[in-house]
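I opened my notebook beside this one and jotted down what I looked up, entry by entry. Have the sequence and the model at hand and follow along.

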Amino acid sequence: MGTVPFECRYACIDEKNSREIVLLRGSGCKWRRCRFCDYHLDFSLNEAENFRLNSKVLQQVTGKYGRLEVINSGSFCDLDAATIQLLIEICQKLHITNVYFESHWLHRELIAAWRQRFAAAGITVKMKIGVETFDSLFRESYLDKGMGMAAPQEIAAYFDQVCLLQGLPGQTKESMLRDIELGLQYFERVCINIMVANTRPVLPDAGVRDIFIKEIYPLYKDNERVDILLNNTDFGVGV
Ligand code: SF4
């Protein structure tokens, strides 16, 4: 995945946890080592260009549901200051009271101040992290996620929502269920991404994907706290 076209940067999700979603552009993920990810290629070091693009994307937001998810193929703190200021102004104007951001574990100590900044503007921040799995040995040795041995309780001290990555070699029905249940136990929401092949070395496992579709998907598809992305563009943004 390289730079995402403008028309793939805004969507409105009308089903579960209805919200608008924007894919903005920042200075890029500072970790960039996850062995399954090439999203981080959507970045630019030119802050003025990022702001120009982000302001056009943000102009499409209507405030329809009062909730906005802001993703940027990296972490919240990769966004430029002008984009953040504009985002706050737009939320206030459109009565958006909940904004969801994403972050890598690296930036966890910046989250409290971020929440405070938005709270001062009347906006509640919900912070999402891609943990992919709570099996830290698998997560770190195979996926190179950069979270060390962090346990669900420690992660939940900073984050409200988790993303899981399933359909990977080595996963089983039991391991996938365990991750989902831990996610539901410690976090407000769980987003399950099913692995799709990209330019990186980790590939989907067709057998594990089948197990997910047949035995796990039916259990959670109607769960209001669980989002399931069978394709990584299912939220309507990205390529
Ligand atoms: S932290 Fe996120 S954006 Fe960065 S490499 Fe990992 S999955 Fe990709």
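Predicted model: local features only at pLDDT ≥ 70, side-chain atom pairs only at ≥ 80, totals over all residues.

**Entry 1: the ligand**

Which residues are around the ligand? I found Cys29, Trp31, Arg32, Cys34, Cys37, Tyr39, His40, Ser73, Gly74, His104 and Gly130 around the ligand. I then sorted this shell by residue type and got five nonpolar, five polar and one charged.

**Entry 2: two positive phi values**

Most residues other than glycine have a negative phi. Histidine 95 is not a glycine, yet its phi is positive, about 60°. I traced histidine 95 to the loop between helix H2 (81–94) and strand S4 (98–102).

Glutamate 132 gave me a second case, with a positive phi near 70° in a residue other than glycine. This glutamate is in strand S5, residues 124–132.

Is each of them buried or exposed? I counted 9 other C-beta atoms within 10 Å of histidine 95, so histidine 95 is exposed. Around glutamate 132 I counted 25 other C-beta atoms within 10 Å, and since 20 or more makes a residue buried, glutamate 132 is buried.

I stayed with S4 for a while. Four of its five residues are buried, so S4 is largely enclosed by the rest of the structure.

Which strands pair with S4? On one count, strand S3 (residues 67–71) pairs with S4 in the parallel sense over three bridges. I noted leucine 68 opposite valine 99 in S4.

**Entry 3: the nonpolar core**

How many residues are in the largest nonpolar core? I read off 49, and the residues with the most contacts inside this core are Val70, Val99, Val131, Val162, Leu164, Val190 and Ile192. Strand S7 (residues 189–194) gives the most to this core, with four residues.

Leaving out residues up to four places away in sequence, I found valine 99 touching Leu68, Val70, Cys91, Phe118, Ile123 and Val125.

**Entry 4: strands S7 and S8**

I followed S7 onward. S7 and strand S8 (residues 226–229) pair in the parallel sense over four bridges. Asparagine 193 stands opposite leucine 229 in S8. From S7 the chain passes through helix H7 (residues 206–220) to S8, and I noted this β-α-β crossover as right-handed.

Asparagine 50 is in helix H1, residues 47–58. How many other C-beta atoms lie within 10 Å of asparagine 50? I got 22, so asparagine 50 is buried, the threshold being 20 or more. Its contacts, not counting residues up to four places away in sequence, are Arg25, Gly26, Ser44, Asp80 and Thr83. Asparagine 50 and aspartate 80 are 30 residues apart along the chain, and their C-alpha atoms are separated by 7.6 Å.

Serine 136 is found in helix H4, residues 136–141. It has 15 C-beta neighbours inside 10 Å, so I logged serine 136 as partly exposed. Leaving aside neighbours within four places in sequence, I found serine 136 in contact with Met149 and Ala150. Between the C-alpha atoms of serine 136 and isoleucine 111, 25 residues apart along the chain, I read 22 Å.

Leucine 177 lies in helix H6, residues 173–186. With 16 C-beta neighbours inside 10 Å, leucine 177 counts as partly exposed. Leucine 177 and leucine 219 are 42 residues apart in sequence, and C-alpha to C-alpha they are 9.8 Å apart in space.

Note on methods. Residues numbered from 1 in each chain as written. Near = placed C-beta within 6 Å. Nonpolar A, V, L, I, M, F, W, Y, C, P; charged D, E, K, R; others polar. Buried ≥ 20, exposed ≤ 12 C-beta atoms within 10 Å, placed from the backbone. Pairing = 2+ DSSP bridges. Core = buried A, V, L, I, M, F, W, Y, C linked by C-beta atoms within 7 Å. Contact = placed C-beta atoms within 7 Å. Right-handed = clockwise from strand over helix to strand, strands pointing away.
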